[in-house]
Structures are given as C-alpha cells and as structure tokens.
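Please look at the structure before reading on.

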Amino acid sequence: MSTETRTPRRRDAVTRAAGYATAGLAAAAAAVGAGELAAALIGPDSAPVVAVGSAAIDLTPTPLKEYAVRTFGTHDKTVLLGGIYLTMILLAAVAGIIAARRPRLGAALFLLFAVLGTWAALSRPTATRSDALPSLVAGAVGAATLLLLTRLRRRAAPSVAASPAGPGRRTVLLATGGTFAAAALAGYGGRRLADSRYDVSAARAAVRLPAPAVPARPIPAAHPAVPGLPPFRTPDADFYRVDTDLTLPRIDPRDWALRVRGLVDHPLMLTFDELLRRPLTELDHTLSCVSNEVGGPYVSTTRWLGASLPELLRQAQVRSGADQLVGRSKDGMSIGTPLESVLDGRTALLAVGMDGEPLPVAHGFPCRTVVPGLYGYTSATKWLVDLEVTTFAAYDPYWVKRGWDRTGTVRTASRIDVPAPFARVPAGAVTVAGTAWATHRGIAAVEVRLDGGPWAEARLAADAGPDLWRQWSYEWANARPGTHRIEVRATDGTGAVQPEARTTPFPAGATGWHSTVVTVT
C-alpha cells in the first residue's frame with residue numbers, strides 16, 4: 001500500500017476517533033449536568049464531583065494533604081476539583097473511543113463512575129440513602145447519552161463518507177451540540193436551584209445579636225504605623241479559611257439546635273434563640289492553623305461574640321473521668337478539645353458573632369466553638385450541631401485519626417511582614433516590622449538579627465492580652481548596599497524562647513525562626 005493511500009486512511013481514523021471521543025465528552029457533560037440537577041433536590045454536597053472530591057480529601061495521606069496546602073494554599077480545593085474534572089474528561093474521551101466498537105463497554109465506564117460517586121456520597125459521616133441518587137442519575141444519563149450519540153454516529157457514517165455535508169453529519173453535530181447545551185443548562189440550573197434552595201443569607205441578615213453582657217476591654221495602641229504591616233484586627237474577608245469542605249454547610253438558625261450529650265448528668269438541647277438569650281461575652285482572639293508553615297499566612301485576629309462554653313458544660317454537669325470534648329459539625333467533621341483547656345478559666349465560647357456581625361457562613365454560621373490557646377483543628381468546630389463529653393481513650397476525632405497531636409497547643413511563632421521577601425529597599429534607615437503570637441501565653445519579647453549577628457530587641461506594640469498576637473517593629477539604622485538576611489524570634493509570656501530548629505506542621509505545628517532576604521540599593 002502506498003504512502004498516499006495510508007495517509008488519508010490514517011487521517012480518517014483519527015477523525016473518527018476524535019468524533020467518538022467528542023461523543024464521550026458530551027455524555028460526560030450530560031452526566032455532570034444531570035447530577036447537579038439531582039443534587040439541587042437532595043443537597044449540594046451530594047453532587048457526584050463534590051462527593052468524589054470530599055472522599056478524596058478524607059483518603060488523602062496527611063503528607064500529601066500538607067503538600068497541597070503548602071503548595072496551593074487556599075486554592076487547594078480548586079486544584080482538587082480541577083484534577084477530578086480533568087480525569088473525567090480523559091476517561092470520557094476514552095469511553096467514547098471504546099464505544100465506537102463496543103458501545104456497552106463504553107457505557108459501562110459511566111456506570112462505574114456512578115458506583116464510585118455512590119460510594120463516595122454514602123461514605124460521608126452524615127450521609128443518607130438519598131445522597132446516592134445524584135450519582136446514580138448521572139451514571140444512567142451518561143451511559144444512555146453515550147449509547148445514543150454513538151448509535152447516531154454509526155448510522156451517519158455512510159452519509160458522511162458519501163457526502164460530508166449531508167444530513168447525517170448535520171444530525172450528529174446537532175445532537176452533540178444539543179447535548180452540550182442541555183448539559184450546560186442543567187448544570188447551571190442545578191447550581192442556581194441549589195443556591196436558591198439552601199441560601200441562608202436572608203436568615204443570617206435577620207439575626208440581631210444582643211449586646212454583650214461582658215464586653216471586651218478597649219484595645220490599646222497595638223498596631224505600629226508601618227506601611228505594609230497587616231492590620232491588628234483582620235477583616236472578615238481576609239480571615240484565613242482552612243477546612244475540608246468543597247461546599248459550605250448552610251444552616252438556617254431557625255432550624256439549628258445544639259445537642260450536649262455523653263458523660264454528663266443532664267444532657268441538653270439548645271435552640272439558636274435560647275443560645276442568644278444566654279449572657280454573651282466578647283473575646284478578642286488570634287486564631288491560627290496547625291498547617292501554617294513558619295512565617296505563613298494562616299493566622300488571623302478578630303473579635304468574637306458568644307455564650308460561655310464552660311458555663312454550658314457546668315449546666316450539663318460533666319461526670320468525673322471525662323477528658324475530651326468532641327464538637328461535631330453539620331458536615332460530620334469532628335474536633336476534639338482537651339476538656340481541661342475548656343474548663344481552666346480561659347474564655348471559651350460558643351461563638352455566634354465575628355467582628356460585630358453574625359458569623360459569616362464560611363466561618364461557621366450560625367455557631368462555632370472558640371477556645372484560646374489551641375490550633376483550630378482542636379478548638380474550632382464550625383457549623384457546630386453536637387457536643388459530646390467523652391474521653392481520649394474512647395474516641396479519636398478526625399485529625400487525630402490522621403496522626404495529628406491530640407492537644408493542639410499553639411506554638412510560639414513570629415513573622416517578618418515588612419520588608420517583603422526579596423524586597424529592594426534604599427540604603428539608610430529601614431523599618432523592619434511583623435507579628436508574633438503565642439496564644440494564651442502571650443508575647444514578652446521579640447528579637448531581630450541581621451546577617452547572623454547579635455540579637456537586638458524589637459519595639460513591641462502595646463500588649464492587648466495573652467490571647468492576641470503582638471505586633472513589633474525594629475529600626476535598622478544603617479542599612480548598607482548588598483543582600484542581607486533578617487531573622488526574628490519571640491519569647492512567650494512564660495519566658496520560653498522560640499526554638500530555632502525547623503519542624504514541619506505535622507504533627508503538632510511548625511517551629512523555627514522566620515527569616516527573609518532583602519536587597520539594599
């Protein structure tokens with residue numbers, strides 16, 4: 001056979017394969033759209049892609065999960081979903097090509113996707129049987145669509161060969177294009193319907209927070225006037241968010257109730273109105289994430305408003321021998337807090353307000369826990385619906401099962417915010433500034449070192465309390481041209497100096513001195 005003969009045939013084979021791959025993509029789009037539409041009726045977290053993504057988060061080994069947070073930051077969930085969609089696109093194209101010769105085998109790949117989605121949806125701690133429906137619908141629609149499109153394409157093949165512009169080709173193009181359009185409409189409509197059905201913005205806006213019975217004391221001049229230094233209080237929009245949720249739990253406060261149970265003599269059930277009628281306390285507090293690297297961004301400060309968590313537990317009468325308080329979220333997340341840390345006199349709250357407003361949905365509306373001195377993974381149950389008094393021996397919460405430390409005590413940390421890393425600054429006087437925190441112990445001193453020389457004391461802003469970070473500044477009086485390394489370390493309120501040795505966040509929080517390199521011109 002001549003090269004001239006082989007080339008057109010090869011081109012025809014590639015064109016044919018591309019056509020069937022496109023049919024597979026159209027079927028996948030239809031499956032996703034149908035799944036989104038069904039999820040609007042069942043619940044947003046039951047959508048097939050979300051269910052698979054959530055299961056992937058739970059199954060991901062801790063080192064890989066930490067790598068994702070370290071590398072992608074708050075975009076880690078976007079990267080995960082993007083990877084799932086990309087994998088789906090590739091498998092759908094393969095299914096379409098397989099269906100060219102073996103239609104049922106190609107359709108079976110979509111049914112396997114349905115099985116995977118069903119398993120993922122039912123693996124969630126709060127799953128019900130109905131959560132499987134969107135994945136089953138998606139699989140069935142995808143398989144049926146692939147069989148229909150491949151049948152049309154096979155029937156149209158003689159017409160295409162005889163006349164590429166003939167009615168067979170138009171039928172295939174219209175069917176494929178119509179499938180994509182219908183899928184997009186179903187997916188978009190499903191998302192909009194879900195947003196509308198589960199929207200709690202009006203319910204949140206209707207909440208009127210009572211005045212605090214115990215207001216926070218005025219904060220002194222705790223923020224040095226240094227350009228580029230983050231504000232002392234973090235705006236809600238900038239407050240860090242690290243959690244495992246691909247879709248935010250949305251709870252109408254009128255339907256919310258908190259159950260207190262376990263090793264207590266008097267189990268309680270508390271509605272949102274009853275919670276608001278309790279005496280409320282304001283708390284200025286710096287919250288940090290255990291995943292924060294040395295010098296990292298996952299730390300924020302705000303003013304919380306909430307009811308006393310210790311008082312609620314005293315009302316329930318905790319039994320002797322209990323040493324762990326497990327908070328459970330509506331999404332099934334479990335957070336274990338050392339009971340002694342809740343009851344030792346610190347201001348632990350069932351928070352309902354943040355920065356003078358009801359909690360944002362992303363930060364736990366309508367209620368979350370706040371316990372100073374602990375990382376969020378052992379103290380901050382967002383979307384709280386259940387409190388169980390138990391023991392560490394009896395139950396391992398979500399993060400402890402994955403190897404993290406049980407207690408979650410915040411380590412002493414300090415960070416250089418100004419100048420920025422690799423900044424170019426003019427010779428002469430240079431202001432170095434940053435933030436240090438050791439929540440519930442406080443910061444007693446901060447020191448700065450230039451190019452490995454002697455440590456020099458930084459100027460601390462006013463002390464706003466041990467549960468808050470402390471900002472600092474240092475005047476580098478005679479910065480000379482060249483590249484320079486700046487380091488910082490802090491001493492907490494007990495007199496312990498921040499250790500130099502670098503450790504990773506896993507399993508108990510990062511340690512080490514933060515440093516930055518600048519060029520003086």
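A crossing of two helices is called left-handed if the near helix is turned anticlockwise from the far one by less than a right angle, and right-handed if it is turned clockwise. The model discussed here is predicted.

## The chain as a whole

The secondary structure of the chain consists of 12 helices and 19 strands. Its C-alpha trace spans about 85 × 70 × 40 Å along the principal axes. Of the 521 residues in the chain, 51% are buried. The chain exposes about 23800 Å², and 59% of that area is supplied by carbon and sulfur atoms. Among contacts between residues at least 6 apart in sequence, 75% join residues at least 24 apart.

| Helix pair | Angle between axes | Distance between axes | Handedness of crossing |
|---|---|---|---|
| α2 and α4 | about 120° | 10 Å | right-handed |
| α2 and α5 | roughly 60° | within 8 Å | left-handed |
| α4 and α5 | roughly 155° | within 6 Å | left-handed |

Helix α2 covers residues 48-59 and helix α4 covers residues 76-99; these two pack at an angle of about 120°. That angle makes α2 oblique to α4. On the α2 side, the contact is made by V49, V52, G53, A56 and I57, and on the α4 side by L80, L81, I84, Y85 and M88. Sorted by class, this contact of α2 with α4 has 9 nonpolar residues, 1 polar residue and no charged residues.

Helix α5 covers residues 103-122, and its axis crosses that of α2 at roughly 60°. The two helices, α2 and α5, are therefore oblique to each other. Here P48, A51, V52, A55 and L59 of α2 meet F113, L116, G117, W119, A120 and A121 of α5. The class count for the contact of α2 with α5 is 10 nonpolar, 1 polar and no charged residues. Residue V52 of α2 is listed in the contact with α4 and also in the contact with α5.

How are α4 and α5 oriented relative to each other? Their axes cross at roughly 155°, and angles over 145 degrees count as roughly antiparallel. The helices α4 and α5 are therefore roughly antiparallel to each other. The α4 residues M88, L91, A92, A95, I98 and A99 meet P103, L105, G106, L109, F110 and F113 in α5. This contact of α4 with α5 has 11 nonpolar residues, 1 polar residue and no charged residues. M88 of α4 takes part in the contact with α2 and in the contact with α5. F113 of α5 meets residues of α2 and residues of α4.

V518 lies in strand β19, which covers residues 514-520. Is V518 buried or exposed? Its relative accessibility is 0%, so V518 counts as buried; the cut-off for buried is under 20%.

Which residues does V518 touch, leaving out those up to four places away in sequence? They are P419, A420, A423, W476, G482, T483, H484 and I486. V518 can also be compared with P421: the two are 97 residues apart in sequence, while their C-alpha atoms are 6.4 Å apart in space.

Conventions: Residues are numbered from 1 along each chain as its sequence is written. This is a predicted model: local features need pLDDT of at least 70, side-chain atom pairs count only at pLDDT 80 or more; totals for chains, interfaces and linings use all residues. Side-chain values use heavy atoms; hydrogens and water are left out. Axes are lines fitted to C-alpha atoms, for helices over the stretch in contact, and angles run from 0 to 180 degrees between N-to-C directions. Helices (H or I, at least four residues) and strands (E, at least two) are DSSP runs, numbered from the N terminus. Angles under 35 degrees count as roughly parallel, over 145 as roughly antiparallel, 65 to 115 as roughly perpendicular and the rest as oblique. Contact means heavy atoms within 4.5 Å. Ala, Val, Leu, Ile, Met, Phe, Trp, Tyr, Cys and Pro count as nonpolar, Asp, Glu, Lys and Arg as charged, and the others, Gly among them, as polar. Buried means under 20% relative accessible area, exposed over 50%, partly exposed in between (1.4 Å probe, protein chains only). Accessible areas come from the Shrake-Rupley method with a 1.4 Å probe; for residues, only the protein chains shown count as cover.
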